[in-house]
Amino acid sequence: MAIQHYKVLHDYVQANETVVDEYDDVVLPLLEGALPADLTGVLYRNGNGRFAHQGVWYDHLFDGDGMISRFEFDGQRVCYRNRYVRTREFLEEEKAGRMLHRSFGTNLPGGLLKNAFRMQFKNAANTSVVSHGGHMMALWEGGWPHRIDPATLDTIDRYDYDGVLKNQFSWLDSQIMPELPFSAHPKIHSDTGVLYNFGTVAGTKQRLVLYKVDPAGKAMIDQVIEMDDMTFSHDFVVTQSGHRILFLTPVAFDMPRALLGLTSPAASIRVDRDKPTLVLVIDPDGTIHRLTTDFCFVFHFVNGYQERDGTLIVDGLMLDYFPESELMKAYLNGDVADDGTGARFTRYVIDLAGKRVTHKPLADYEGELPEVHPDRVGKSYQYAWGIGRPLSHSRPLADQLVKIDVTTGQGIHTGDDHTLPSEPIVVPRPGSTAEDDAWLLYLLFDDRTRTTDLIVADAATLTTTARLRLPHNIPLGFHGMWLPQL
Ligand SMILES: [Fe+2]
């Protein structure tokens, strides 16, 4: 398949070269260290594989077609495979040899004529992967999941959970948004195996839809919450106690502007910073609490749990502004201002009885793409890992791998001026008990060699255990997962 090659000039943005090759089970050469013999399983990562299509640049970081990479560890070597998700839109555009679909953040070339009244956007299938109920799926928060073969990465189908994700609110709603969205950040409860997710649905009313999927893969709409205004949320928290917590940032959608094609849908979002952010808590019994906190936007939560006294703790990476599409476009063009406005590790304390939300900084670090030990999700915990930088850092990029002790606020980090790390996936060592007795698996781009390496690191110290070279440079992507079984 001929996928257009596209290179950019700015050093860090070279990490975003379009992927043109799809490999079948290539053994990766080991450049440094040694692979642990007891590290066996498969790492999957999803992310946008291209940043332009037939000469047309995407304006937004989230618009490129999803490409899944697969790294199979057998204790001695790592086999690599990658595939674009064969979405309907991807196949149509490949066949046509041009961009056919308007994206969330990118209008089609050709102005109003090509974009007006075109409100069905490309399903990019590029954000995350999940394995649950016998299915592995590539997720994108604006539409249906795509089922993927976990061995070959072949795309099986666009999956609606046996019709559960068909919009049946009304005929008009089904015309406005036929596919109920299924966010890219579902959470699987460690005791029950139930998968929880949400979708924000535009239509005759603004609705927040909450889903439950049982361990066998049978889905249901658990709650439909009607909202007064449009809101936006990318991630949420499910505690071990069964509380679901969403932070809903007040945004307004300039519908005429988007409908007429004057700007992309993402660029038609307007933010009202004078309004508070809504903190929605859904108790295990379904009771809904609506609280507020100072205006903020949290792309990703680190973790959340309930204290013994009933208080809910939510740790997130907090922005005090909304990252509007112009910022995304500037980032893709290599234009990042060093204004100290990255996402801060922040702890929110939710007192339901007192209807109060307070917050405080957790560490003197900015961060993104946070991960915790898989057994600590929804429970009290000590460590978070992610990409980021200390506040004193010289470069305006989250170019360090960071580890934060959330009980003390202390952090350690590693990196240099020529490399960029991906989200680190935490893989506990077999038989381990300490929370940081684990490996971190992440990708590392080096702008000197324009190469991408797979790193196995010690989660306690962040030191490299093994470094392997990919056969091509791939973008660092968004989210991945580890499956311990081969
Ligand atoms: Fe995300």
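**Exercise 1.** With which residue does Asp 437 form a salt bridge, and how far apart are the closest N and O atoms?

*Solution.* The model is predicted. The partner of Asp 437 is Arg 429, and the closest N and O atoms lie 2.6 Å apart. Next, consider accessibility: Asp 437 has a relative accessible area of 26% and is partly exposed. Arg 429, at 24%, is also partly exposed.

**Exercise 2.** Determine whether Arg 469 and Asp 453, which form a salt bridge, are buried, partly exposed or exposed.

*Solution.* The closest N and O atoms of this pair are 2.4 Å apart. Arg 469 lies in strand β33 and Asp 453 in strand β32 (residues 451–458), so the bridge ties together parts that are 16 residues apart in sequence. Buried means under 20% relative accessible area. Asp 453 has a value of 5% and is therefore buried, whereas Arg 469, at 23%, is partly exposed.

**Exercise 3.** Which parts of the chain does the salt bridge between Arg 467 and Glu 32 link?

*Solution.* The closest N and O atoms of Arg 467 and Glu 32 are 2.8 Å apart. Arg 467 belongs to strand β33 (residues 464–469) and Glu 32 to strand β2 (residues 30–33); the pair links distant parts of the chain, 435 residues apart. Arg 467 is partly exposed at 23% relative accessible area, and Glu 32 is partly exposed at 34%.

Note on methods. Residues numbered from 1 in each chain as written. Predicted model: local features only at pLDDT ≥ 70, side-chain atom pairs only at ≥ 80, totals over all residues. Heavy atoms only, no water. Salt bridge = Lys/Arg side-chain N within 4 Å of Asp/Glu carboxyl O. Helix = DSSP H or I, 4+ residues; strand = E, 2+ residues; numbered from the N terminus. Buried < 20%, exposed > 50% of the residue type's maximum accessible area, 1.4 Å probe, protein only.
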